[in-house]
Amino acid sequence: MRKLIKWIASASLLLVLAGCSSKPAAYDSKQKLGPQVNYTITGIDAGAGIMSGTTKALSAYKLKAGKWQLQTSSTAAMTSTLGKAVEHKQPIVVTGWQPHWMFTKYNLKFLKDPKHVYGQTESIHTIARKGLQKDSPSAYTVLDRFQWTPADMSAVMLKVNGGMEPKKAAEQWLKQHPDKLKAWTQGVQPVKGKSITLTFVAWDSEIASTNVVAAALRSVGYKVTTRPMEIQPLWASVATGAADAMVCAWLPNTSGKYYADYKGQFVDLGANLHGARVGLAVPKYMTKINSIEDLLNK
Ligand code: PBE
């Protein structure tokens, strides 16, 4: 009898353990995708332009009628879910953007967007408050000159993703690229501890750019404060003059709504980066899925 009880106890323990470790199946190209991912696109924070873009895509591609939904989370939660899926070759559809280390670290592909819901490539603009040129001409000049490439931005993002503090990653990157720092700061009149406030949304790409431009401003003598916030307050902060500038405007599409809402209340210093992109992305092992249309049909 004792033996039997023991046997039952260990057998049920095994069952429990098996239940805990049961993980979703790997991607199966012979089955339709929808049921494999519970008809879910894994998204980020609600305010992001890529989220409203994806809501439009759900309608434009009739995905909504086909039971598909967009799950709101955060960049950190999305990339962690993505990382786990890739590890086990499981199916997943995410809101993706470039530059971002997710494309460097995982083997991802953008889904084709034949209806151009997400637009083509984008530029990231620097937006300053009105009056900054007059009040802080040196800062204005550095901000106006600040320009880099997707590869530059990815390099800083990878350092941060590897665990380096963003401020340190930015300083280290600038040390490795003295030509860039020189191009932005050469001949600029130094200042002595004048305050500058930069606001940003804590997306990985914007953490990188904001910290780099802050380090460049510090190098000419500014005392720089960087303040993370949601996207709506971000635009309001520059429009009202509560902040001096931000480098996070993805245009024409992703931040387009805010650009239009606050038009006339800020100064657009033009692009600091060309060749950015947003859309839906999947791991390359999802061989059958190459277009947003495939989500419904394949
Ligand atoms: N992003 C990163 C932002 C802009 C920068 C693509 C997540 C968005 O508004 O969607």
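Which element gives the most to the lining of the largest pocket? The answer is α4, with three residues. The structure is a predicted model, in which local features need pLDDT of at least 70 and side-chain atom pairs count only at pLDDT 80 or more, while totals for chains, interfaces and linings use all residues. Residues are numbered from 1 along each chain as its sequence is written, and side-chain values use heavy atoms, with hydrogens and water left out.

The protein is divided into domain 1 (31-120 + 279-297) and domain 2 (122-275), with bounds that come from an automatic or database domain assignment. The centres of domain 1 and domain 2, taken over C-alpha atoms, are separated by 28 Å. Domain 1 puts 18 residues into the contact and domain 2 puts in 17 residues, where contact means heavy atoms within 4.5 Å. Helices (H or I, at least four residues) and strands (E, at least two) are DSSP runs, numbered from the N terminus.

A cavity is a set of points where a 1.4 Å probe fits but cannot get out, whereas a pocket is an open set with protein on both sides within 12 Å along at least five of seven lines. Lining residues have an atom within 4 Å of a point. Grid points are joined across faces, edges and corners, and a volume is the space filled by probe spheres set on the points.

The largest pocket has a volume of about 310 Å³. It is lined by 16 residues, and those closest to its centre are Gln36, Val37, Thr81, Pro91 and Ile92. Two or more lining residues come from each of β1 (40-42) and α4 (75-87). By class, this lining holds eight nonpolar, eight polar and no charged residues. In this scheme Ala, Val, Leu, Ile, Met, Phe, Trp, Tyr, Cys and Pro count as nonpolar, Asp, Glu, Lys and Arg as charged, and the others, Gly among them, as polar.

The second largest pocket contains about 200 Å³ of space. Of its 15 lining residues, Gly49, Ser52, Lys56, Asn253 and Thr254 are the closest to its centre. The elements α3 and α13 (256-261) give two or more residues to this lining, and the largest share, five residues, comes from α3. Six nonpolar, seven polar and two charged residues make up the lining of the second largest pocket. Domain 1 and domain 2 both give residues to that lining, so the second largest pocket lies between them.

One cavity of 30 Å³ or more is present in the structure. The space in the largest cavity is about 110 Å³. Its lining consists of 13 residues, with Ala48, Trp97, Trp203, Trp250 and Thr254 nearest its centre. At least two residues of the lining are supplied by each of α3 (49-60) and α11 (204-219). Eight of the lining residues are nonpolar, four are polar and one is charged. Domain 1 and domain 2 each contribute at least three residues to the lining of the largest cavity.

Two packed helices are described by the angle between their axes and the distance between the axes. The axes of α8 (residues 150-161) and α11 come within 9 Å and cross at roughly 100°. Axes are lines fitted to C-alpha atoms, for helices over the stretch in contact, and angles run from 0 to 180 degrees between N-to-C directions. Angles under 35 degrees count as roughly parallel, over 145 as roughly antiparallel, 65 to 115 as roughly perpendicular and the rest as oblique. The helices α8 and α11 are therefore roughly perpendicular to each other. Met153, Val156 and Met157 of α8 make the contact with Asp204, Ser205, Ala208, Ser209 and Val212 of α11.

Most residues other than glycine have a negative phi, and most peptide bonds are trans. The peptide bond from Gln98 to Pro99 is cis, with omega near 5°, and Pro99 lies in the loop between β3 (94-98) and α5 (101-105). The bond from Leu251 to Pro252 is also cis, with omega near 10°; Pro252 is in the loop between β8 (245-251) and α13. Lys89, in the loop between α4 and β3, has a positive phi near 55°.
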